[in-house]
Amino acid sequence: MKRLCSYLFFWRCAVEMNIENGEFEDWRGSKADPAKHGGVTASSIACVVEVLENMVFLSNATNFVEYFLKSMHYSAAESANMVTNFMGTSFLLTIFGGFVSDSFLTRFKTFIIFCTLELLGLILLTIQAQDSRLLPAINSKPSKTQEAILYTGLYATAAGVGGVKAALPAHGADQLDHSNQRVVSSFFNWFFFSLCFGGLIASTVMIWIQENLGWNWGFKISVVTLSVALCIFSMGFPIYRYKRPGGSPLSRIFKVLASAIANRKASLPEAENTQIYGEKRNHDKFRFLNKALMGESVASTEVEETKTFIGLLPIFASTIMMNCCLAQLMTFSVQQGNIMNRSLNSFKIPTQSLSVFPISIMLASIPIYEYFVRMFRSKNNHHPGILNMFQPLRRIGLGLALASGSMAAAAVVEAKRREAANDDVVLSVFWLVWQYLLLGVSDMLTLGGMLEFFYSEAPDTMRSMSTALSWCSTAMGYFISSVLVTISNSVSGHFGKEWLGGSDLNHTRLDLFYMLLCILNFINLLNYIFWARRY
């Protein structure tokens, strides 16, 4: 019996050692079998779940505006700000969700917990929406208790979204063979396709339901849909492979930085080239961090982990301006569409469904891109220069260039629309297709490239948090867009009339604001090229 216990103990220790060295495990805690765990089927579940989850997220973002206006009796400005804050908070909290996933829980458990939190938030909002006692009286503002229930449900949902969006793409990519970068790249492309498909359902089916059956049905369907998504994801647990969290990466980064600062006056360790055995791309970067090795508590792998993460930040910062352009599709482009001819034969396109244009373009661009990638790879296997054009950094760069081009096109179209409006001519909304087309392809290349780049280049112990940088870039782009509008109005107001003052676009200079974004994005592209070449 003692021998059996000793054997089991040493066997378990061996398994633990393999897992600590980066091996995946199955749901029982044993080393994962590639024939049984992971693979394309397991990663495909993440794509299916993303369709449902993003449908719920975007349909609620649309539903909230009407709900806040008609049921909670907030003003239009307050309702718009509440929705913007909700979406921005959801994306920013992906960093927290990624931190939890990398530090304390597996990505599977992180998804289950945060998806449940999102579901509970939606249930609370649904209960409040159906119970007249929890709603304010007609023409009255909500009470403190009613507001507390509203904000609890709203930000429980936002926190859940943050954790889900951080854990789900990283979990899906974990199921694949990382030695085959093409498979990983294809996964992120189809994950982005799933994200867009969920957005398409939200912009069509859910909009129709809310307009014809009532906004309260939006909450009910969201609860059912998210419950189904949670069940589908959970049922895959026997075939998933898991990686144990490696402790707080932020603690290790702060420890390295603190040690490097404490030893800043010392010369670099003589043995730095032999002590640092992490990924060799970082050997000559941020060499000042090597001084942290003079601290007894800092390991060389921790220094390399810190170097790798810091190296990702300039790329992350260079993508924020592109997301300022995307924010225009949700704001000014919709306002443009409202005063343009939205008739298609006898059918009038709903204002909320104008986002179908960019989403449809994004959906179509993924299969086309995948087709050309396969075609080029099959014909140019021996030409690495051609294959390198599909690398994530190059895709991001092309996406940023298209973002600048889209704003130039938007400026031209807006100038033409204003000129036509002055002649009492209403242009067709399909003139906006040019900016939607360029920005749609730009978003596909940029966000898809970011998800793949941050996941593939991140340290193994920080992949969820690094992938979350993609979503944080989106949130910061929306916030900075608001800041740019304020600054543009302030500066232009000093020299005459505010560019974006008033509510009538026929008397604003939206075309000049679009041109400003074009110039800023071009400067940002040059900045990105500088950092990408140094990476």
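Me: How far apart are Trp190 and Phe193 in helix 7?
Reply: They are 3 residues apart, so about one helical turn separates them. Bear in mind that this is a predicted model.

Me: How do the rings of Trp190 and Phe193 sit, edge-to-face or stacked?
Reply: Edge-to-face, because their planes are at 70°. The ring centres are 5.2 Å apart.

Me: And how accessible is Trp190?
Reply: Trp190 has a relative accessible area of 31%, so it is partly exposed. Phe193 is partly exposed too, at 23%.

Me: How many aromatic pairs are there in the whole structure?
Reply: A search finds 24. One of them is Phe96 with Phe114. That pair is edge-to-face, with 6.2 Å from centre to centre and 75° between the planes.

Me: Which helices does the pair of Phe96 and Phe114 tie together?
Reply: Phe96 lies in helix 4 (residues 94-103) and Phe114 in helix 5 (residues 107-130). The pair therefore ties together parts that are 18 residues apart in sequence.

Me: Is Phe114 buried or exposed?
Reply: Buried, because its relative accessible area is 8% and the cut-off for buried is under 20%. Phe96 is partly exposed, at 45%.

Me: Which residues do ring pairs link into a cluster?
Reply: Phe57, Phe64, Tyr67, Phe68, Phe86, Phe91, Phe219 and Trp471.

Me: New topic. Which residues touch the most other members of the largest nonpolar core?
Reply: Phe64, Tyr67, Phe68, Phe111, Leu150 and Phe187 do. That core has 73 residues. Helix 2 (residues 40-70) gives the largest share, with 13 residues.

Me: What is Phe68 in contact with, leaving aside neighbours within four places in sequence?
Reply: Its contacts are His73, Tyr74, Ser79, Met82, Val83, Leu150 and Leu154.

Me: What about the second core, how many residues does it have?
Reply: The second core has 52 residues and is separate. Its members include Ala410, Leu432, Leu517 and Leu525.

Me: On to charges. How many salt bridges are there?
Reply: The count comes to 13.

Me: Is Glu370 buried or exposed?
Reply: Glu370 is buried, with a relative accessible area of 1%. Arg182 is also buried, at 17%.

Me: What does Arg252 meet in a salt bridge?
Reply: The side chain of Glu305, at 2.8 Å from N to O. Arg252 lies in helix 10 (residues 249-262) and Glu305 in helix 12 (residues 300-318), so the pair ties together parts 53 residues apart in sequence. Both residues are buried.

Me: And which residue forms a salt bridge with Lys255?
Reply: Glu302 does, with the closest N and O atoms 3.1 Å apart. Lys255 is in helix 10 and Glu302 in helix 12, 47 residues apart. Lys255 counts as partly exposed at 30% relative accessibility, whereas Glu302 is buried at 13%.

Me: Last one, the surface. Which residues form a nonpolar patch there?
Reply: Met515, Ile519, Phe522, Ile523, Leu526 and Ile529. Together they have about 540 Å² of accessible area.

Me: Where does Ile519 lie?
Reply: Ile519 lies in helix 20 (residues 510-534). At 45% relative accessibility, Ile519 counts as partly exposed.

Definitions and conventions. Residues numbered from 1 in each chain as written. Predicted model: local features only at pLDDT ≥ 70, side-chain atom pairs only at ≥ 80, totals over all residues. Heavy atoms only, no water. Patch = residues over 30% accessible without salt bridge, like charges linked within 9 Å, V, L, I, M, F, W, Y side chains within 5 Å. Areas by Shrake-Rupley, 256 points an atom, 1.4 Å probe, with all protein chains shown as cover. Salt bridge = Lys/Arg side-chain N within 4 Å of Asp/Glu carboxyl O. Helix = DSSP H or I, 4+ residues; strand = E, 2+ residues; numbered from the N terminus. Buried < 20%, exposed > 50% of the residue type's maximum accessible area, 1.4 Å probe, protein only. Core = buried A, V, L, I, M, F, W, Y, C linked by side-chain atoms within 4.5 Å. Contact = heavy atoms within 4.5 Å. Phe/Tyr/Trp six-rings, centres within 6.5 Å; stacked < 30°, edge-to-face > 60°.
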